[in-house]
Structures are given as structure tokens and as C-alpha cells.
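Good morning, and thank you for coming. I would like to take the group through one model, from its sheet to its cores and then to some individual residues.

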Amino acid sequence: MQIWVDADACPKAIKDILFRVAERLGITTTLVANHTLQTPPSRHIHFLQVKSGFDVADNEIVKRLSCRDLVITGDIPLAYEVLCKGGHAINPRGELYTQDTIKERLSMRDFMDTLRSSGVDIGGPAALSSRDIQAFANQLDKFLAIQRR
């Protein structure tokens, strides 16, 4: 199993957790982004820079993803593609996307997009809180414990 990170929008606190997990458990973790990122020196942590463009990083993750790999992303369409390919996805707030929840998330995303394009100001997501960070760490630990059995 490998961890892939949709790193363009991944919060620093989440990346820091992933760096510690990669080192502690020896899990290859690859950050994919269209701009340069700093990563700690490690044989387990890699960075893949892709060209700028719409969904370029997402498409690269899906292309390289193997069944059972884990993707960290807040991008719901990417999470859907990951699940379709047999992978797993967790968002930075600690939600494990599943086959049971992803279609509902896609529908809600599309609905919100329709509202925005109609001129309705719906605001953006709330800032990542310490509770969100803890929820992510707990979900990641739970997921990895199950996968390593």
C-alpha cells in the first residue's frame, strides 16, 4: 500500500501527520502538486511535480494508483475516481469516503456548484480546526491499523 497526497490544497498540519506516519510505518508517501513543495529528507517521502492545469495532479494520481492505495484529498470527484479504481480516500477533515457516501457527496458538490454558478453566495468551507486535524489523525490511524492486519 502507498499513500498519495493531492498536495496542492492539503493543509500543512495534515502533511506533517503524513510525514510522521510515513517514517514511523515505512509507508511510501507521494505528494503530487503543480508547484514545488518542501518535504523532509526521507526514503519514504516523495514529491511529484506535475504541469499546471485543471485536474492534472488528480489525473496523475489516478493513473499511478494501485488497488488498496490510499489517497488524501478534499476533491470529491478525485475521491470518486479513486474508489472506482479500488483505492481508498480520506479527506483532510478525517472523513473516509466509501462507496455508500461518495455519490451523496458528489450530488451535494454538484448542487453547491449550481448555486454558485447561479450567483448565490454560499461561502467557502470553514478553516481547518484542531478538531478536524485530530479527526484526520484518528481516521488515518484506524484505517492503517485495519490495512496492516
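I shall begin with the basis of the model and then turn to its architecture.

This is a predicted model, in which local features need pLDDT of at least 70 and side-chain atom pairs count only at pLDDT 80 or more, while totals for chains, interfaces and linings use all residues. Residues are numbered from 1 along each chain as its sequence is written, and side-chain values use heavy atoms, with hydrogens and water left out.

Let us start with the sheet. Six strands form an open sheet with mixed pairing, in the order β3-β2-β1-β4-β5-β6. Strands here are DSSP runs of E of at least two residues, helices are runs of H or I of at least four, and both are numbered from the N terminus. Two strands count as paired if DSSP finds at least two bridges between them. At the edges lie β3, residues 45-49, and β6, residues 96-97, each pairing on one side only. Between β2, residues 29-33, and β3 the pairing is parallel and runs over five bridges. Within these two strands, Val 32 stands opposite Leu 48 of β3.

Which strands does helix α1 touch? Helix α1, residues 12-25, packs on the sheet and touches β1 (3-6), β2, β3 and β4 (70-72). Contact means heavy atoms within 4.5 Å. The direction of α1 makes about 150° with that of β2; axes are lines fitted to C-alpha atoms, for helices over the stretch in contact, and angles run from 0 to 180 degrees between N-to-C directions. Helix α5, residues 130-147, lies across β4, β5 (88-90) and β6, and runs at about 160° to β5.

I turn now to the interior. A nonpolar core is a set of buried Ala, Val, Leu, Ile, Met, Phe, Trp, Tyr and Cys residues joined through side-chain atoms within 4.5 Å. Buried means under 20% relative accessible area, exposed over 50%, and partly exposed in between, with a 1.4 Å probe and protein chains only. The largest core has 23 residues, of which Val 5, Leu 18, Ile 72, Phe 136 and Leu 140 touch the most other members. At least two residues of this core come from each of β1, α1, β2, β4 and α5, and α1 gives the most, with six. Leaving aside residues up to four places away in sequence, the contacts of Ile 72 include Val 5, Leu 18, Ile 90 and Phe 136. A second, separate core has 18 residues, among them Leu 48, Ala 57, Val 71 and Leu 83.

Next, backbone geometry. Most residues other than glycine have a negative phi. Asp 55, in the loop between β3 and α2 (56-64), has a positive phi near 65°. Arg 68, in the loop between α2 and β4, also has a positive phi, of about 80°. Asp 55 counts as partly exposed because its relative accessibility is 31%, and Arg 68 counts as partly exposed because its value is 42%.

How many disulfides does a search of the whole structure find? The search finds zero, a disulfide being a pair of cysteine sulfur atoms within 2.5 Å. The sulfur of Cys 84 is 12 Å from the closest cysteine sulfur, in Cys 67, and is therefore too far for a bond. Cys 10, at 8% relative accessibility, counts as buried.

Finally, Gly 26 lies in the loop between α1 and β2. Apart from residues up to four places away in sequence, Gly 26 touches Val 21 and His 44.
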